[in-house]
Amino acid sequence: MRSKYGLILLVLLSGCSTQSSLFNKSEPLQAVGYAPISLQSPADYQQKLLHAMRASKLDAYRELTEQLGGVMSSSSSTMNSHILQDGTVSNSSRGVVRGAQVVNSYPDGDMYITELELDLNRYEKLRRGE
């Protein structure tokens, strides 16, 4: 009977080591940020472009933060006589992203696009201060 439980324990432990080695071989997280160029507030096109570049990068970092830490979501609704009067949804995310790299940044029509990549192994090392 003991050898049966020993075998089960061995299988479970080997499954844990396999899962941690899978984490080490995981694909990097990728995020894309977008920003419209024409809607930026400066009048000068070059300034609009710079603002859109910065906004698209921030949007990509927001996406990475959501992937790493999740999204806090809350909502509320108001009803009167079983008729929906008002409804709101609010989302937020908070976190620190270390080690992300811009892999591509370019305008596409009126949008500016920034692509980020985050190697999870590097991220974990930076989090631990290695």
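## Basis of the description

Because the model is predicted, local features need pLDDT of at least 70 and side-chain atom pairs count only at pLDDT 80 or more, while totals for chains, interfaces and linings use all residues. Residues are numbered from 1 along each chain as its sequence is written, and side-chain values use heavy atoms, with hydrogens and water left out.

## Nonpolar cores

A nonpolar core is a set of buried Ala, Val, Leu, Ile, Met, Phe, Trp, Tyr and Cys residues joined through side-chain atoms within 4.5 Å, where buried means under 20% relative accessible area, exposed over 50%, and partly exposed in between (1.4 Å probe, protein chains only). The largest such core has 10 residues, among them Leu29, Ala60, Ala100, Leu116 and Tyr123. Strand 1, helix 2, strand 5 (111–118) and helix 3 each supply at least two residues of this core; helices (H or I, at least four residues) and strands (E, at least two) are DSSP runs, numbered from the N terminus. A second, separate core of 5 residues includes Ala35, Ile37, Leu49 and Tyr112.

## Two residues and their surroundings

Serine 56 belongs to helix 2 (residues 45–69) and is buried, its relative accessible area being 0%. Contact means heavy atoms within 4.5 Å, and, leaving aside neighbours within four places in sequence, serine 56 is in contact with Gly33, Tyr34, Ala35, Tyr112, Ile113 and Thr114.

Valine 32, which sits in strand 1 (residues 29–36), is partly exposed at a relative accessible area of 32%. With neighbours within four places in sequence again set aside, the contacts of valine 32 include Asp59, Ala60 and Ile113.

## Salt bridges in the helices

The structure holds 3 salt bridges, each being a side-chain nitrogen of Lys or Arg within 4 Å of a carboxyl oxygen of Asp or Glu. Asp59, Arg62 and Glu66 are linked in a network of these bridges: arginine 62 pairs with aspartate 59, the closest N and O atoms being 2.7 Å apart, and also with glutamate 66, at 2.8 Å from N to O. Aspartate 59 is buried at 18%, whereas arginine 62 is partly exposed at 34%.

Arginine 127 and glutamate 124 form a salt bridge as well, at 3.9 Å from N to O, and they are separated by about one helical turn because they lie 3 residues apart in helix 3. An α-helix has 3.6 residues a turn, so residues three or four places apart point the same way.
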